[in-house]
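Trainee: I would like a close look at a single part of this model. Please take it in one connected answer.

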Amino acid sequence: MSIAPAITGPALSLQNVSRYYEDVKAVENVTLDIAAGAMIALVGLSGSGKSTLLKMINRLVEPTSGRILINGELVDAVDPHVLRRRIGYVFQNIGLFPHMSIARNIAIGLELAGEKTGHAERVSELLDLVELPQDMADRLPHQLSGGQQQRVGVARALATRPGLMLMDEPFGALDPVTRDSLAGEYKSLHERLGLTTIIVTHDMAEALYLADRIIVLEAGQIKADASPKQLLSGQVGPEAEALVAIPRAQAAHLSELGKS
Ligand code: ADP
Ligand code: MG
């Protein structure tokens, strides 16, 4: 008998959240409730406000207006360092420090959090968790493949045992095969650790595969909020339909090829 893992990730609530840059409405009046343990994909074209929305949750960007709560607690009320220990963040373009060893890159969050001991053990656990060999600890980032570097990015984000993971196009720069297997592995990590995850992607196929709920942003506003099944059924509106049309057409094309 398998026992479902306990959910450790928090619930999240965004209430009328906006962020303007001069006259650019990067995010406009977003209201969103996310259940503990959910895997949410945030999808939209470039410039639709995905990164800005994500960065308001861990306070890398301050909202122009609105409120963000994690398990009912306003993020503004939490010290940013404490907040960032509770929230893992995987950046767009990986962003490892080039002159630091893999071990130090993974442990940087622990260092910043003022944890002085136990780094080596934690790094070793994290390398296992993301399925990297232990001897990579002493290497430099440029000595790893893109996929391995992104595993390090995930390990680094998990170092402080956060409940919430924010991932900004984590697999975007990788080849499709590596990307698919990393996405699948992350999904099982998410389930095993009971996390709440928001993953930004511009790839609807990836979103459909990974998430249990997909939020479509356009010009800073939510245009669709639906399950993969609802999105594929084509009932969700033109913005979502335009994004779903591509993977659907590809699937149909491949299926035709398979028949001939
Ligand atoms: P996405 O991640 O979906 O590509 P972003 O959140 O990065 O979108 O950007 C949304 C909009 O806000 C874009 O028009 C972008 O140019 C603008 N924007 C983002 N960050 C800044 C900034 N620091 N200063 C000015 N404009 C910004
Ligand atoms: Mg972005």
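Trainee: At what angle do helix α3 and helix α4 pack, and how far apart are their axes?

Mentor: This is a predicted model, in which local features need pLDDT of at least 70, side-chain atom pairs count only at pLDDT 80 or more, and totals for chains, interfaces and linings use all residues. Residues are numbered from 1 along each chain as its sequence is written, chains are lettered from A and ligands numbered from 1 in the order in which they are written, and side-chain values use heavy atoms, with hydrogens and water left out.

Two packed helices are described by the angle between their axes and the distance between the axes. For α3 (residues 102–112) and α4 (residues 119–129) the angle is about 115° and the axes are 10 Å apart. Helices here are DSSP runs of H or I with at least four residues, numbered from the N terminus, while strands are runs of E with at least two. Axes are lines fitted to C-alpha atoms, for helices over the stretch in contact, and angles run from 0 to 180 degrees between N-to-C directions. The crossing of α3 and α4 is right-handed, a term for a near helix turned clockwise from the far one by less than a right angle.

On the α3 side the contact (heavy atoms within 4.5 Å) involves I102, A103, I106, A107, L110 and E111. Their counterparts in α4 are H119, R122, V123, L126 and L127. By class, eight residues of this contact are nonpolar, one is polar and two are charged. Ala, Val, Leu, Ile, Met, Phe, Trp, Tyr, Cys and Pro count as nonpolar, Asp, Glu, Lys and Arg as charged, and the others, Gly among them, as polar.

As for the setting, the unreviewed UniProt entry annotates residues 12–244 as "domain: ABC transporter". That span is 37% helix and 26% strand, and the C-alpha atoms at its ends lie 26 Å apart.

Conventions
UniProt positions renumbered as here; feature names shortened; annotations may be inferred.
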